[in-house]
Amino acid sequence: MGKFVMKATANGGFKFDLKAGNGEVIASSQVYKSQKACEAGIESVRNNALSHTEDQTTADFEVKKHPKYELYADKAGEFRFRLKAANGEIIATSEGYKQKASALNGIESVGKNAPDAPVEVLGE
């Protein structure tokens, strides 16, 4: 079972990682100014985790409405995804994957783990 791990950052903000049952990070957040804002970000990921995917790695891809995952290739040629909320804000991002299938598995893992994942707050 996955979990959200929330922690304070060096600059006084907060961020979270969604981890799979094996401890691997599936997706990460931006830095939020407060713990309450970070908790709201976690709730947004939970609420949007089962969104559709817009595959931007294909020619003439179909633009989908928010909320959605955007699958794309970065400048290094690795595949990544970002989860966007209904308002278009990015609420979680992935690491880079060498294979497109691995990035798609990451999206599937967010959908499987995020909705019911407990929150662990480090440093409390």
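The model is predicted, so local features need pLDDT of at least 70 and side-chain atom pairs count only at pLDDT 80 or more, while totals for chains, interfaces and linings use all residues. Residues are numbered from 1 along each chain as its sequence is written, and side-chain values use heavy atoms, with hydrogens and water left out.

**First stop: the nonpolar core**

Begin by selecting Phe4, Phe16, Val45, Phe81 and Val110, which have the most contacts inside the largest nonpolar core, a set of 27 residues. A nonpolar core here is a set of buried Ala, Val, Leu, Ile, Met, Phe, Trp, Tyr and Cys residues joined through side-chain atoms within 4.5 Å. Buried means under 20% relative accessible area, exposed means over 50%, and partly exposed lies in between, using a 1.4 Å probe and protein chains only.

Now colour the elements that give two or more residues to this core, among them strand E1 (3-8), strand E2 (14-19), helix H1 (35-48) and helix H2 (100-113). Helices (H or I, at least four residues) and strands (E, at least two) are DSSP runs, numbered from the N terminus.

Which residues does Phe4 touch, not counting residues up to four places away in sequence? They include Phe16, Leu18, Ile42, Val45, Ala114 and Pro118, where a contact means heavy atoms within 4.5 Å.

**Second stop: aromatic rings**

Next, show the aromatic side chains, where the structure holds 3 aromatic pairs. Rings of Phe, Tyr and Trp (its six-membered ring) pair if their centres lie within 6.5 Å, and planes under 30 degrees apart count as stacked, over 60 as edge-to-face and the rest as tilted.

Select Phe16 and Tyr32, whose ring centres are 6.4 Å apart and whose planes meet at 15°, so the pair is stacked. This pair links distant parts of the chain, since Phe16 is in strand E2 and Tyr32 is in the loop between E3 and H1, 16 residues apart. Phe16 is buried, with a relative accessible area of 1%, and Tyr32 also counts as buried, at 10% relative accessibility.

Then move to Tyr69 and Phe81, where the ring centres are 5.9 Å apart and the planes are at 75°, so this pair is edge-to-face. Tyr69 lies in strand E5 and Phe81 in strand E6, so the pair ties together parts that are 12 residues apart in sequence.

**Third stop: charged side chains**

Side chains of opposite charge can pair when their charged atoms come close. A search of the whole structure finds 11 salt bridges, each being a side-chain nitrogen of Lys or Arg within 4 Å of a carboxyl oxygen of Asp or Glu.

Select Lys15 and Asp17, which form a salt bridge with their closest N and O atoms 3.3 Å apart. Lys15 counts as buried at 18% relative accessibility, and Asp17 counts as buried at 9%.

Now select Lys68 and Glu54, whose side chains meet in a salt bridge (2.7 Å, N to O). Lys68 lies in strand E5 and Glu54 in strand E4 (residues 52-55), so the pair ties together parts that are 14 residues apart in sequence. Lys68 is buried, with a relative accessible area of 4%, and Glu54 counts as buried at 2%.

Salt bridges that share partners join Glu54, Lys68, Glu70, Arg82 and Lys84 into one network.

Is Glu70 buried or exposed? Glu70 is buried, with a relative accessible area of 5%, and its place is in strand E5. The side chain of Glu70 makes polar contacts with the side chains of Arg82 (2.5 Å) and Lys84 (3.4 Å). A polar contact is a pair of N or O atoms within 3.5 Å; within protein, one must be able to donate a hydrogen and the other to accept it, and residues adjacent in sequence count only if both atoms are side-chain atoms.

**Last stop: the loop between E4 and E5**

Finally, select Pro67, which lies in the loop between E4 and E5, and look at the peptide bond from His66 to Pro67, which is cis, with omega near 0°. Asp60 is found in the loop between E4 and E5, and its phi is near 55°, a positive value in a residue other than glycine. Asp60 counts as exposed, at 80% relative accessibility.
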